[in-house]
Amino acid sequence: MPNSKKNKTEDDNAFKAIMASTSIKEFIDAMNLYGCQRCTLSQHNNRIVICRGRLTADIMMIGEAPGKIEDQQGLPFVGPAGMLGDRMFASIGINTNHDMYITNVCLCRPVAPRGSGKQNYTPLMEQRALCLPYQIKQISLLDPKLIILAGLTAARAFLGTKMVQTMKQAAGKLFLPENGPLAGRHTFVLYHPAFLIHAKKKGEEIYKQIRQDTWKHLQILRDKIEELDIEVSGTRHICSVCNEGFISRRPYFVEGRPVCASCGKRSHVINEYL
Ligand code: SF4
Ligand SMILES: [Zn+2]
């Protein structure tokens, strides 16, 4: 959506109009209509990337910020990390477009300066603080049963640095904060899929460990989804050993690989959404 230049009063009025939304649909429409220039991220992005998924989903995922591909397409989590995230969630029966509502801590792409050797940078504290009311608004309008915070930026933005000192300590953990923007909300912290992609560069052993940890975390997440009685789409698997197709809402993993429901072998599977 365009983000045409506004003066301060226009910007304040736009913010008030967006924040007066009474449904997620209204929020998205207002955001598209008014745009936002509250922080400096509005200077280099193509568009505001609001959300993707189902507007009535029980699971909400919040990541860090859109990247280049997200900024081009106007949808969060659609680049390489997003595609890996889709496969990770598919392995526990979640179709991200149907079972989730996905957004980010910052809705605009933090474009890294030319010559920095990076495409994006981690949003600054001031940028995060200025965008946070939009995320709090989306949470209150969606009222999800479970919130997934993907990566350190999202985990710290919503749980604070006391609860989230490092991702190693927080990833795979469930929280039910007493205070703050997520007070009383079931919250789960997960490694950001981009972290898994970058972990490949850290050497085979480290990468293997992070992958195995992530599969364990996904199983904890799956258990919580069941406990909270959240319906998910389920996933169709095709076993690479016996070639049988099987539908599972609860595949089991051994050392990071799912066990085929037909032949009982650990196999590489192809996940397909139902
Ligand atoms: S990142 Fe958020 S606060 Fe900053 S301009 Fe974009 S929508 Fe507005
Ligand atoms: Zn099999």
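Visitor: Is Ser-21 buried or exposed?

Guide: Burial is judged by relative accessible area: buried means under 20%, exposed over 50%, and partly exposed in between, using a 1.4 Å probe and protein chains only. Ser-21 has a relative accessible area of 3%, so Ser-21 is buried. The model is predicted, so local features need pLDDT of at least 70 and side-chain atom pairs pLDDT 80 or more, while totals for chains, interfaces and linings use all residues. Residues are numbered from 1 along each chain as its sequence is written, chains are lettered from A and ligands numbered from 1 in the order in which they are written, and side-chain values use heavy atoms, leaving out hydrogens and water.

Visitor: Where is Ser-21 placed, and which residues does Ser-21 touch?

Guide: Ser-21 is in the loop between α1 and α2; helices are DSSP runs of H or I with at least four residues, strands are runs of E with at least two, and both are numbered from the N terminus. Leaving aside residues up to four places away in sequence, Ser-21 touches Glu-26, Phe-27, Ala-30, Lys-137 and Leu-141, where contact means heavy atoms within 4.5 Å. The side chain of Ser-21 also reaches the backbone oxygen of Ile-18 at 2.5 Å.

Visitor: How are two packed helices described?

Guide: One gives the angle between their axes and the distance between the axes. The axes are lines fitted to C-alpha atoms over the stretch in contact, and angles run from 0 to 180 degrees between N-to-C directions. For α1 (residues 8–19) and α2 (residues 24–34), the angle is about 165° and the axes are 8 Å apart. That makes α1 roughly antiparallel to α2, the label for angles over 145 degrees, whereas under 35 is roughly parallel, 65 to 115 roughly perpendicular and the rest oblique.

Visitor: Which residues make the contact between α1 and α2?

Guide: Ala-14, Ala-17 and Ile-18 come from α1, and Phe-27, Ala-30, Met-31 and Tyr-34 from α2. By class, this contact of α1 with α2 has seven nonpolar, no polar and no charged residues. Ala, Val, Leu, Ile, Met, Phe, Trp, Tyr, Cys and Pro count as nonpolar, Asp, Glu, Lys and Arg as charged, and the others, Gly among them, as polar.

Visitor: At what angle do α2 and α6 cross?

Guide: The axes of α2 and α6 (residues 125–142) cross at roughly 150° and come within 9 Å; α2 and α6 are therefore roughly antiparallel to each other. Ile-24, Phe-27 and Met-31 of α2 meet Tyr-134, Lys-137, Gln-138, Leu-141 and Leu-142 of α6. This contact of α2 with α6 has six nonpolar, one polar and one charged residues.

Technical notes
A polar contact is a pair of N or O atoms within 3.5 Å; within protein, one must be able to donate a hydrogen and the other to accept it, and residues adjacent in sequence count only if both atoms are side-chain atoms.
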